[in-house]
Amino acid sequence: MACFRTRPAGWFSIILFISLFTLFCHPAGSVKHKDFKTCEQSGFCTRNRRLADSVTAQGDPYLSPYHIDPRTLKVTNGQLEAIVTKTTLTKETFTFPLLISFLDSGVARVTLNEDKRQRGQIDLRHGSTARKERYNGAAAWALTGDGLKTNANIKVATDEQGFSKVAYGPDNRYEATIRHNPFGIEFRKDGQKRVKLNDRGFLNMEHWRPKIEKPQVEGQDAQAPLTSLEEDEGTWWDETFNGNTDSKPRGPESMAMDITLFGYEHVYGLAEHASPLSLKQTRGGEGSYDQPYRMFNSDVFEYDLDSPMTLYGSIPFMQAHQKGCTTGIFWLNGAETWVDVTKSKSTANSLTMGLGGHVDTQTHWMSESGLLDVFVMMASEPADLSRLYGELTGYSQLPQSFAIGYHQSRWNYVSDEDVKDVDRKFDKHDIPYDVIWLDLEWTNGKRWFQWDEHSFPDPISMNKQLDESHRKLVILTDPHIKSEGGYNIDDELKSQNLAVKNKNGNDYDGWCWPGSSHWIDSFSPAARTWWKSLFPYDKFKGTMSNVWLWNDMNEPSVFGGPDMTMPRDNLHHDKWEHRDLHNIYGLTFHNATYHALLERKKGEILRPFVLTRSFYAGSQRLGAMWTGDNLAEWSHLQASIPMTLNQGVSGFPFAGADVGGFFGNPSKELQTRWYQAGAFYPFFRAHAHIDTRRREPYLLGEPYTPIMAQAIKLRYQLLPAWYTAFHEASVDGSPIVRAQYYVHPSDEKGFAVDDQFYVGSTGLLVKPVTAEGSTNVDIYLAPDGENYYDYFDYTIHAGVGKTVQIDAPLEKIPLLMQGGHIIPRKDRPRRSSGLMKWDPYTLIVVLGKDGKAKGSLYVDDGETFDFQQGAFIHRQFVFEPEDGLRSVDLAARKGPKTADYLKVMKDVRVERIIVVNAPGSWEGQQSVRVVEEGAKSGSTNAPLSWHAGGDGKAAWAVIRDPRVGIGRDWRIVFS
Amino acid sequence: MTVSAALLLLSLTAVVRCAADPRSSESTRPRGVGPEFAKFYKSPTEFSCISSPLHKIPISQLNDDYCDCPDGSDEPGTSACSHISLLSPNTSSVNPLTDNITLALPGFYCKNKGHIPSYVPFNSVNDGKCDHTHCCDGSDEWQHVGGTTCPDKCKEIGKEWRKKDDVRKKALGLAMKRKKELVAEAANLRHLAMSRVDELEIKLKSAEEKLKETEKVLEETEKSEKSKMVRGGVGKAGRAGILAGLAKARIEELRTNLVEVRKQRDALSGQLKELETTLSALKEEYNPNFNDEGAKRAVRAWEDYAARDKQGVWEAAKDRDLDEISKPDDESNGINWVEWESGDDSTTGEAESILYGLSAYAPPSLRVWLDSKITSFRTLLIESGILADNSGSSSSVESPAVTTARSKRDSAKTSLTNTQSDLNNAKSDLERDYGADDVFRALKDKCITKDSGEYIYELCFLGSTKQKPKKGGGDTNMGNFVSIASEYVDSDVDAEGKGLGVGERVVLKYENGQHCWNGPTRSTVVLLACSAQEEIWRISESEKCVYRMEVGTAAVCEPDDGKETKRTAEKDEL
């Protein structure tokens, strides 16, 4: 509903608005808050926030009851071990083994375990059969195993005052100072203080304790007030929310710690939240949230905007950035996690090297269970951090090339005939697309692997029609399995004991789309093997090699369950409780599907495409994500941009929002603007709820349809640049679309800008129009001394650290090219990306102030893993005033399939080179000299035409058909 | 749109040109050029762009896979100019002409020997896909990119097409036959309607006469009865008293019951409010994402209910009236029964009694004369409105003769009104638009249905369209017929000949169906194409509560090939 989004001015209208709201406005378009916990409704969040408050009130962080016994300190092979002891008010002591690993990369990993639980010396309540240890499996799912090599050359010095200093990392430029009592670690790089763990004394490892039943005093209902030494047990044991009781057989097990980031005003990351890119404060202060950022994967449809509320996925990775340095915190824990963010302004008289006032960001991380396992990464700029994080958790999958084209989806295309009809209509209206999607109604009564025979009598003929244009079909399959005798999938799941169990060890039964359902326990290797067995084409009838998958509802979503998911005391493989690994479940299911798709047919190995809604650190290795069930409102279009950017910061850049908005019917203007923005999401898919009206782009009519078609074709034109950006992400973890701070890390004015962004390393800067009726936008240009050129007409805008206004009538996407870049394009619009495979390239050379430009291009078959054996083309294009334009091979090593691939690609050429900001000296010049590697004739000439520009537009020149191969070295000489 | 319009235009010019063009030019035409454009490609040395002839390029740049002409005419045989379209992102270098970007050529010309020549869009040339549907000879993939080879399939495709065309023509023949029948039936119906008009006109005339007659009779009867009535005197005293007694008792009874019914009403409206609150809560709190059909149906029904104008909404004022009515009668409220029960009728008709009383004193010989004079004088007074006419209204007694005469007059009046309206209807029906040849007259109120998943859809020609849920619940009216219109369509026809095809189609518009919550009233656009049988092919909801039905009917069949869709067939006459 639109009414609760409007913001009337003035008190009267506010009152009117409120009363109208109460009277008529059914909040059908808003999140059901009561279904999801607040911190106050979560026992461990309340306990840890309360602890933080009481420590703060005492004003002395040195009262923290944790200390290292120096006698236990041990250093072996780049790792420091010790025992941390906690002394309670009642003078009891508990011990926690500490392990600090100093990695070759300069990353430090701090792990704290609990002795008693580790040894299994605890008793479980309610006769539970759950595991007794703190969960230690998160690393196996999130980390690839790379980047973990420890640095044997660390230097450790322990002094009399109770400090151990460790110099580590490349050139020992990193330093960790471990304070013994109370326990805390300060990290420095190049002498600069960056991070401190337990700075404020909020460290809290809730040790195991037995439940002591208090004797009931007769005639006295109320419990005796707590003595000063007693703790409030109120939230320790069974916890009830929305009518569901969590039996908590291990009692309170949370762990929390504060981490201070010195000198950082801006922190980013912690996907996924509908909140600004630069994270807001969560306690105190005007304009801050009143809840911590929550990470507990949940099916939050129609979610709130500008909120720290949890969403479908969680990546507990935070980037803190200031001019000159960037720091990352990766909190490796799969349980529910809350993070408080506050910022404190230091005054000028602080001891920080005599600098003026600065801002520290203080964070407080709280998890319900599991190990304390935190990575501290110190880098110079965001790109370094992306690489470090990617090294640990893996880089983004290099998808098949169709996956970065345009996706047409709706809940639902109702029949195979419907799909064929939509397919024909796209061609008829000359609009390219690559993938058409089927939401859950393709199934026979929500039974996965079974087609609805009435509506989809002949899926193969549908797939074949799509395949003729190299198009794909994606179908939805979820982790819940209809509980029904006679349904072979459910029968197998049960008989092979592969389902998630309830606390009593029986198959857990919950409610989802099909009604009563079971959930595959994708943590179990046997379950994953079984899942693989379901996908071969001869088993999964109606599928063929152009059919791919969509995993939805994998938070997992359980209708009517606590927090819309399964009970925390459910049991998984190896008897781990659901609470321990809840945030990882979605990744394991996504992973199971990914691997199943690798083995559908012997000898056919295509890169799997699997879209997931739920995710965790590491999910980027497996496919794409989207931001879930948004609304067809301008505010959601706006919110989609910081959300997509934050996915990049959080290491899972293959992201996008439902174009058009999932719930509700967008106005034609909104839909059109959304296509223009969506054409710049890494994942570009239009999707709509079953109750919305049809909105395929060809249905809107003039002037909207042609404008949307232009936006889609612009995406297709730039696919070579996009694919190159995806490749970069797959080798160094860099975001595919990049925020202002990421591209200009030393321009402080851009640190909070999150409504415009760059495409990969191309210098393409886009600022989508996200306001109704807007016909211009203000775009912020960093003071980089470069000119920015309008993509369409080469109008010049100077980068001076200010915003410039550019016209953006409905048909225009505000898109600029930063000087100094070379952008690869393909200018022939085809019906799908697959049909553009053999088309020639156009290179846009945008000369910088110094007359130079640089850019790169990555090409491979877009389907198989042959690129891993060298079947790819990786080029750098360099333009220098003296040398002209050169194509240089960036492929460091040739592989066994390199030569064959180059042969296949030998006829693919560069058909056109456009030089923007072309020197005036070229005026009158008729041709350029082209020198190609291996050419028999030495050099040839290609025609050059120079155009003056003028009227605020840059001069430009076109080189007509130089006939150089895209896979070869060549040089074009302009003088 | 631009391209297809150009295509259409070109196919027309082509007919003209073909006759004039020597066949021999075909062999020398550059790749992809259709015969109608051959004249632009005759120079052996240079080529002038078709839309801007001053722009000349050397012949070596013709079909060299690089786009030189702003209208793309230098690349008739490649995809190099396929970006020239309003749909493509414009960049100054590639599209130097920012306004009016159109291709000069309709596409790549496939000769399709053995079948029908055709154009494929330039973006389909050398893309690795064999577009046999339009280019059965496979010539669109002459570059064999990525090893693509497209065999010449014109022989088999042409054969298949001709076979299908025969079937289609046969079907069309059948359909035309059926249409003839429909037209004949419609003519017959029209004829019947016309004769009914004649009939009704005669009937009307006689009804008018009858009315006149009965009115006269009534007038006379009344006159004579009025005079009689005077002598008969007025009713007996006390009779009204008895009636008042009965009326009082009856009113008491009704009053008691009214109070009782109001109590029940209040209780029920309390319950209704409770139910409405429950349903509002359901609507607010249900999760639309669960797609629970039961819950959604309930919410939808509730929305419809909530959207409807409520009948019998009680206002406070009305309730105050009821409060008044419910009070017992006394001197100050309602009717003072005491007055009525005890009094007699003597208070009424005083003036007249004096008149009649006067005559009583006259000698009997005079009395008759006087009486007749007084009666006529009274009649005069009544007629001139000076004296109230008590004969009909105040007295419950009317003579049977007058009653009979009045009822005869009334029925004559009714009959006249009915006849008049029948005639009007019949006349307007004749003037109503029943489409060409009045053909829909034959289909009027004929209903056809289609089973479509959850619903059965019903179309009644010139009646209404309906959605009937299979899982129970009432029918939903999707619109009532308002007019016949037409619409240009461009869609496919399947192997069985079902589908709208390409061209102007007859449309039946149905509007003002059931209201949609937060939306318009439901309406349906019924698009018709030729078919031997009346049949609903497809139903879709193009916008919320705006339905589209594609329907086959012989009523719209045209003798000529009126529904062929294939681009190939458009070129049939080339």
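**Contacts between and within the chains**

In this predicted model, 57 residues of chain A are in contact with 51 residues of chain B. The size of an interface is often given as the accessible area lost when the parts come together. On that score, chain A and chain B bury about 4600 Å² between them, with carbon and sulfur atoms giving 48% of it. Three arginines stand out on the chain A side: Arg830(A), Arg831(A) and Arg960(A) supply 15% of the area that chain A buries against chain B, more than any other three residues. Charge pairing shows up here too, with seven salt bridges found across the interface of chain A and chain B. Asp421(A), for instance, forms a salt bridge with Arg538(B), and the closest N and O atoms of that pair are 3.5 Å apart.

Turning to chain A by itself, the chain is divided into domain 1 (41-210 + 242-393), domain 2 (401-665) and domain 3 (742-973). The centres of domain 2 and domain 3 of chain A, taken over C-alpha atoms, are 36 Å apart, and the contact takes 21 residues from domain 2 and 22 residues from domain 3. About 1800 Å² is buried between domain 2 and domain 3 of chain A, and carbon and sulfur atoms account for 59% of that area. Two salt bridges cross the interface of domain 2 and domain 3 of chain A. Arg607(A) also has a charged partner, as its side chain meets that of Asp861(A) in a salt bridge (3.4 Å, N to O).

Trp634(A) turns up again in a helix pair. Helix 11 (residues 634-649) and helix 12 (residues 668-678) of chain A have axes that come within 10 Å and cross at roughly 10°. That angle makes helix 11 of chain A roughly parallel to helix 12 of chain A. From helix 11, the residues involved are Trp634(A), His636(A) and Leu637(A), and they meet Glu669(A), Leu670(A), Arg673(A), Trp674(A) and Ala677(A) in helix 12 of chain A. By type, the residues of this helix 11 and helix 12 contact in chain A split into five nonpolar, one polar and two charged.

Counted over all chains, the structure holds 94 salt bridges. One of them joins the side chains of Arg568(A) and Glu368(A), at 2.8 Å from N to O. Arg568(A) sits in the loop between strand 30 (547-551) and helix 10 (578-597) of chain A, while Glu368(A) is in the loop between strand 20 (358-367) and strand 21 (372-379) of chain A, so the pair ties together parts that are 200 residues apart in sequence.

Most residues other than glycine have a negative phi, and most peptide bonds are trans. Against that background, the peptide bond from Glu555(A) to Pro556(A) is cis, with omega near 0°; Pro556(A) is found in the loop between strand 30 and helix 10 of chain A. Another cis peptide bond joins Asn181(A) and Pro182(A), with omega about -10°, and Pro182(A) has its place in the loop between strand 8 (174-179) and strand 9 (184-189) of chain A. Over in chain B, Asn126(B) has a positive phi, near 55°, and lies in the loop between strand 4 (118-120) and helix 2 (154-232) of chain B.

Methods: Residues numbered from 1 in each chain as written. Chains lettered and ligands numbered in written order. Predicted model: local features only at pLDDT ≥ 70, side-chain atom pairs only at ≥ 80, totals over all residues. Heavy atoms only, no water. Axes fitted to C-alpha atoms, helices over the stretch in contact; angles between N-to-C directions. Helix = DSSP H or I, 4+ residues; strand = E, 2+ residues; numbered from the N terminus. Parallel < 35°, antiparallel > 145°, perpendicular 65-115°, else oblique. Contact = heavy atoms within 4.5 Å. Nonpolar A, V, L, I, M, F, W, Y, C, P; charged D, E, K, R; others polar. Domains from an automatic or database assignment. Buried area = accessible area lost by both parts, 1.4 Å probe. Salt bridge = Lys/Arg side-chain N within 4 Å of Asp/Glu carboxyl O.
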